[in-house]
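I opened a notebook for this structure. The entries below follow the order in which I looked things up.

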Amino acid sequence: MTDGPTPRVVSALQALVRIPTVSDRDPSRIDTDAFDRLLAELATQFPLLHARLELTRVGTHGLLFRWAGASTERPVVLMAHLDVVPVDGEAPWQHEPFGGEIHDSDSGPAIWGRGTLDDKGCVAGICEAVESLLESGHVPAQDVWLSFGCDEEVSGTAATEAVAVLRERGVTPWLVLDEGGAIAGGAFPGVKAPLGVIGVTEKGTTSLELVAEGRGGHASTPARNGPTARLARAILNVEKAPFPASAPAPTLELMRRLAPHVPLPLRPVLKPLLGNADRLAPVVTRALLAAGPEAAAMTRTTVATTTLSGSPALNVIASTAKAGLNIRVMVGDTVAGVVEHVRRAVADDSIRIDVVEAGEPSPISPMDEAFELVESCITAVFPEAVPTPYVMMAATDSRHFTAISEHVYRFAPFRMTKAQRQAIHSYDEHIGVADLVDGARWYQLLIERLPA
């Protein structure tokens, strides 16, 4: 960026980040005033959008805008969410997490703070694109809907309510685009070119709880094989029994597209392998498993032990011990199969397995005209990137939209280093100023290129 006035999208994102719209599964713990202030700030930053688009409120603070286009035949939904995850007060943030301050990063000036990448950057980018096009008098070729959820981070209901509104109005989206992929640098070992990864499906999100019960009692007289010991053994057994690995079709296509970009010394060996990934799927799967956690997660259902609870005091033996398992269900697997796998791995009938949340993987969206539009816009704005489909590991609100659309894709048009991707839901989350501006330009191009 050159010196000059701060682009509107930059100042808008700074303002949004400064409002701590932290969601919580317990409604009584949500700062509703913060969400009220965020909606007011959006209206201040993007007045034409709010004046000219039809607005329907969904959930407590969700927004569903309709921008009437020249045609209603192939409507488009652009998605993002307004809520963020909490900030760990003990984490070593370099800059105030709700400050929205601009400081240098490894790639130049950046806006720092919770939500810059997940997902207020997308909110600001979409709104900037629409506001700019409204200023120029542009009329989109198709109806454009903006769906901004308010409880995505807690698997809330705003997205399902938005789907219900669209279904009631007879809207069958030709294209749905939510957060998810990115212009990902350092995504694959040895490949210098960033990958423009477009999520054509996403893993299902399922949460289980392992529960061990017993008599409990005074810590001075412990008995063998108490609840905590049995629970610990169950956790280790699950970790020792990973799910079978395989490469689904989107991953094989990703590998094919990577083939021309592997390092020169490795091309004689790897290029034939990657170029024929579908016929050599087992070898590709083993290669991904060896490439680190990010690549390995592309091949199988994953299990992470995330929460633990036991005794209320150091001198009390727990009568109940619990462990929460967060499971990301791979395309091709099912929740029922996951529960059975965990049950076999635990191998202890005294451990109860409760299903807290059940989410099946999303259908795979086709790589047809809608996908190609997203792909062509990536090539236009980010010519250095290799556009490719992939299986998204995290969950988005867009999974609910598969009920009304076959074309659901996950892509945030921002350059992200590996360190930035690791900062999502962690500390030092930030987005490059120039990258935010380019992302808004990408959204604008997508709207301008909608087919008649």
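Which side chain makes a polar contact with the side chain of Thr-56? I looked it up in the model, which is a predicted one, and found the side chain of Arg-169, at 3.0 Å.

**Entry: around Thr-56**

I placed Thr-56 in strand β1, which covers residues 54-58. I then checked its cover: the relative accessible area of Thr-56 is 16%, and the cut-off for buried is under 20%, so Thr-56 counts as buried. Leaving out residues up to four places away in sequence, I listed what Thr-56 touches: Gly-62, Leu-63, Leu-64 and Arg-169.

**Entry: the whole protein**

I went on to the overall figures. I counted 14 helices and 17 strands in the protein. The C-alpha trace spans about 75 × 60 × 45 Å along its principal axes. I compared the radius of gyration with the rule for a compact globule: 452 residues would give a value near 22 Å, and the protein has 23 Å, so the two agree.

Of the 452 residues, 54% are buried. I also looked at contacts with a separation of 6 or more, and 80% of them join residues 24 or more positions apart. The protein exposes about 19400 Å², and carbon and sulfur atoms supply 54% of that area. For the charges I noted 39 positive and 55 negative ones, with mean positions 7 Å apart.

**Entry: backbone geometry**

Before the next search I wrote down the background: most residues other than glycine have a negative phi, and most peptide bonds are trans. I therefore looked for departures from this background.

Where is a cis peptide bond found? I found one from Asp-118 to Asp-119, with omega near 10°. Asp-119 lies in the loop between β5 (108-112) and α4 (120-135).

I then noted Ala-347, which is not a glycine and has a positive phi near 55°. Ala-347 sits in the loop between α11 (335-346) and β14 (352-357).

Asp-428 also has a positive phi, of about 65°, without being a glycine. I found Asp-428 in the loop between α13 (418-423) and β17 (430-432).

Is Ala-347 buried or exposed? Its relative accessible area is 62%, so Ala-347 is exposed. For Asp-428 I read a relative accessible area of 10%, so Asp-428 is buried.

Conventions: Residues are numbered from 1 along each chain as its sequence is written. This is a predicted model: local features need pLDDT of at least 70, side-chain atom pairs count only at pLDDT 80 or more; totals for chains, interfaces and linings use all residues. Side-chain values use heavy atoms; hydrogens and water are left out. Helices (H or I, at least four residues) and strands (E, at least two) are DSSP runs, numbered from the N terminus. The radius of gyration is taken over C-alpha atoms; the globule rule is 2.2 Å times the number of residues to the power 0.38. Buried means under 20% relative accessible area, exposed over 50%, partly exposed in between (1.4 Å probe, protein chains only). Contact means heavy atoms within 4.5 Å. Accessible areas come from the Shrake-Rupley method with a 1.4 Å probe; for residues, only the protein chains shown count as cover. Lys and Arg count as positive and Asp and Glu as negative; His and the chain ends are not counted. The place of a charge is taken as NZ of Lys, CZ of Arg, CG of Asp or CD of Glu. A polar contact is a pair of N or O atoms within 3.5 Å; within protein, one must be able to donate a hydrogen and the other to accept it, and residues adjacent in sequence count only if both atoms are side-chain atoms.
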